[in-house]
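Open the model in your viewer and keep the selection panel at hand. The tour goes stop by stop.

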Amino acid sequence: MRISPHDIRQQQFTVRMFRGFDPQEVDAFLENVADDYETLLRDSQLLREQVAAQEERSRGVVELERVLQDTLVTTQRLADDLKAAAKREAEEIRTAARHEAELIVREAELRGDKTVETARAEEARIRSDIQSLKRIRRQLVGDFAATLERYQRLLEAEGETPDLE
């Protein structure tokens, strides 16, 4: 069962005639614990939201990667089509202008190669962005875990205070 800050504030203790605790001290302590617990819950929720935002960005990066792959395939197909079209055109006019046809083929190949090179450069940039986002996500998850561990130790330390009789 989870304890809420409200539960801590509402907790009542049995008062004994002898050797009992000071009710004001207990109430003050419970109020402090409830405030700290409330802060921890807010921080935890904020960190969960940050992790969710990073995961959403990661999904966006995966989608970008898929789009890039599709673009590369389309670009390669386009380059192949351009090369094939240039070769067909060169064959048709070979008898009239063999030299000119070879020039057209070379230009088409250069355009296709340049298009592929541009797409590869874009792919490299997107892959670098993906790696960077993955590093940021790992760092956020690590920071989140470290923060939770610090709060856990703090809560454990609060629970280890000696009884005052």
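Which residues make up the largest nonpolar core? Select Val61, Leu68, Leu72, Ala119, Ile126 and Ile130: these six residues are that core. A nonpolar core here is a set of buried Ala, Val, Leu, Ile, Met, Phe, Trp, Tyr and Cys residues joined through side-chain atoms within 4.5 Å. Helices α2 and α3 are the elements that give two or more residues to this core. Helices are DSSP runs of H or I, at least four residues long, numbered from the N terminus.

Before moving on, note that this is a predicted model: local features need pLDDT of at least 70, side-chain atom pairs count only at pLDDT 80 or more, and totals for chains, interfaces and linings use all residues. Residues are numbered from 1 along each chain as its sequence is written, and side-chain values use heavy atoms, with hydrogens and water left out.

Leaving aside neighbours within four places in sequence, isoleucine 126 is in contact (heavy atoms within 4.5 Å) with Leu64 and Leu68.

Next, select threonine 147 in helix α3, which covers residues 94–159. Is threonine 147 buried or exposed? Threonine 147 is buried, because its relative accessible area is 15%. The cut-offs are under 20% for buried, over 50% for exposed and in between for partly exposed, with a 1.4 Å probe and protein chains only. Now show the polar atoms. A polar atom of the threonine 147 side chain lies 2.8 Å from the backbone oxygen of aspartate 143.

The side chains of arginine 150 and threonine 147 are joined by a polar contact of 3.1 Å. Such a contact is a pair of N or O atoms within 3.5 Å; within protein, one must be able to donate a hydrogen and the other to accept it, and residues adjacent in sequence count only if both atoms are side-chain atoms.

Move to the lining of the second largest pocket. Select Arg2, Tyr37, Leu40, Leu41, Ser44, Arg48, Leu148, Tyr151, Gln152 and Leu155. A pocket is an open set of points on a 1 Å grid over the protein atoms alone, where a 1.4 Å probe fits, with protein on both sides within 12 Å along at least five of seven lines; lining residues have an atom within 4 Å of a point. Helix α2 gives the most to this lining, with five residues.

Last stop: glutamine 45, in helix α2. Glutamine 45 is partly exposed, at 37% relative accessibility.
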